[in-house]
Amino acid sequence: MEQAAAGTISAPAAPSPADGARGGGLLHVALVGNPNTGKSTLFNALTGMRQRVGNYSGVTVERVEGRYRDDAGPVTVIDLPGTYSLSASSPDEEIALAVLTGRAEGLPRPDVVVVVADAANLERNLFLASQVLELGLPTVVALNQVDAAQAAGIHVDPVELTLELGAPVVATVATRGEGLDVLRRAVRQAPSLPLAERQFSLPGEAARVLRPVEERLAAAGFHPSAAGMEALRLLAVTHIGRHLAHVDGLGDAVAAARAEVEAAGLEPRSLEAESRYGWIGDVVERTVRRSGTGARTFTDRVDAVLLHRVAGPLVFLALMALVFQSIFTWSEPLIGWVEGLFGALGAAVAGALPQGDLNSLVVDGVIAGVGSVLVFLPQITILFLFLGILEDTGYMARAAFIMDRFMRSVGLHGRSFIPLLSGYACAVPGVMSTRTIESPKDRLATIMVLPLMSCSARIPIYALLIGTFIPSVVVGGIFNLQGITLLAMYLLGTLTALGVAAIFKKTLLRGRARPMIMELPPYRLPRPRGLALSVSHRASLFLKKAGTIILALSILLWALATYPKTDPAPGMTDEQAQEAQLAGSALGRLGHVVEPAVAPLGYDWKIGVGILSSFAAREVFVSTMGTIYGVGAEADEGSATLREKLRAETHRGSGALVYTPLVAVGLMVFYVFAMMCMSTLAVVVRETGGGWTGVRWAAFQFGYMLALAYGSALLVYQGGRLLGWG
Amino acid sequence: MDVQTLLVMMIVAAAAVYVGGRWRRTLLAARAAHRKPGCGPDCGCGE
């Protein structure tokens, strides 16, 4: 996938209004639209790419670029973040406006803009469309999701709408590829059509007082129509936007215009909205026909239950419990199969290679290390399949609605939900998607708590410990203790994230809570192709990570566990010789250094080493265990699996079991809270300002999460022992 | 030094170089904060 450098807006530069398509048949097209209009789906359908799509708003948070070719030549398409207007009040809206006005660094001003409008919500979508039409750029309106609109009894006349807007309107169903050929032809022809102009007029006084602002913008190179749009927009905003920073005296001119508008008895902040929506109301009346009796739709009836104040959260919890339970129930046979596969592979390689360090490196380092992580591929695949189904059906948007109540109660912005939800997959894109949050304090609070959401890297650890130490017993008739334990780990992370956010919002990052306006999409059946793409993407990322960084770290850990060599004392059994070798190795010595720090948590030095190595990435804990318990062991068809070895592990001297259910739960709690991911730390540095400012925030986050992890694991273990559970 | 030991040393050295390179790239990406938002290694966000 090719991505443009996003988020950068150029320094003041000479304006470059588009005067039509560039030569050579190459066309630059920008795709804009409200969130959840199927914009990313249309982008994928046009370009054949696999940009992530979701049945909730806010999926696209930065520019993504793709290409297709028509009869006249290549076309470059930029998918911009979803935005309700060009007000530039949040970083992603500012990026969209900067691209459309030709001030985005490294990107030319687009030759054609495609506004993706949801046919079922035309009134709201036309606000953005009317702003884009005034930018002085050839524009095509893709009237998307016409099938869903018709099913809801909403019929839009594209021809009539074309006449009203002064720009071509093409009906599309992006999910089925309908209308794409017509859209591609309209895009190619758009530069040769007359540019659309403002279709409504402002009150006489407002038009007069805005003229000096428009003149300044026109003198700075803006198309006259774009100058008009910007002048009207500027009346309502507090910051003029970085893309206008080069226009001399603009702030003063806007302030003077605002004062005159107020003196004329008009409200500057709502002038644009009132003017545009007045015109939009007339357009909708002339172009939209509604049929049906207004009876409650299927979506309304289902929402009456799923969004109910009491039933909604209960259904949400029950659904999640069933999802987590099925992860264990369904994946167990597959895990056994993968374990057998790696066991047989290890035995085959051990037999084929001559005895020595190379044999041990391949069998105990590579196969045991990487294999111990790869056995959890089935669970990761099943989890993302279920999450994909929930997302595709539109349920995740309902989950956001249910969670919004809790988020507001802790002072978090409603827009924080989508980044937090992304954090369940990976914290890195989650941190990046906080760019949709306007308030810097809300954004920072969200970034600070986001890594507490259990990401997919924790799944191998949870799966290993739950599958090994938590019994598979039925709870409440239909639930299973293993699934409930996994759900508890996810809930623990989520509730702690909300609690910590509440503390931040009352202390370091004080500010008022802002409401979220979120559109609830209609329920629909999941699309198998989209689901397959999403699940295979997650699986391939997991495999790639196992085949690169985890492989390399497994090799290094094997070396640390193998050297320096310790000669076995006379009379030692194989097991004692293996233990002596490990204890005398560099890894063993390091482990014994950290052992006093982790002993209060109930851990031995091997777990301490696993925790240390997983500072690079959490899954490395599992591969470290695989390597530690693999080094020196005989590999054959009957070799014990890692799970069996962990169950049998005892403390030297006392002979007591190292891993009890209490230790396992404590260890999982530690990983729920600990910030052990280099990639996330790096992106936090960058997204919190970079340089020393970013380093300080990342260090603070790392520190508080480590303290939380250690304290909680200590509380679980020592508290459990006091209660007689350990 | 036998061939096996040499091979093992080369593999371990290659792994060390790879891990070091990954750390370096991650740290450099963090330092380039304002210039080019993008992704960390293996983050899953598409880069």
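Across which strands of chain A does helix α6 lie? The views below are taken from a predicted model, in which local features need pLDDT of at least 70, side-chain atom pairs count only at pLDDT 80 or more, and totals for chains, interfaces and linings use all residues. Residues are numbered from 1 along each chain as its sequence is written, and chains are lettered from A in the order in which they are written.

**View 1. Helix α6 (residues 180-189) of chain A lies across β1 (27-33), β2, β3, β4 (112-118), β5 and β7.** Helices (H or I, at least four residues) and strands (E, at least two) are DSSP runs, numbered from the N terminus. Helix α6(A) runs at about 165° to β5(A); angles run from 0 to 180 degrees between N-to-C directions, with axes fitted to C-alpha atoms, for helices over the stretch in contact. Contact requires C-beta atoms, placed from the backbone, within 7 Å.

**View 2. An open sheet of chain A has 6 strands in the order β2-β3-β1-β4-β5-β7, with mixed pairing.** Two strands pair if DSSP finds at least two bridges between them. Because β2 (64-70) and β7 (169-171) of chain A each have a single partner strand, one side of each is left without a neighbour in the sheet.

**View 3. Strand β2(A) runs antiparallel to β3 (residues 73-79) of chain A.** The two strands are joined by 7 bridges. Within this pair, E65(A) stands opposite I78(A).

**View 4. Helix α5 (residues 158-165) of chain A lies across β5 (139-144) and β7.** Helix α5(A) runs at about 160° to β7(A).

Key: Contact = placed C-beta atoms within 7 Å.
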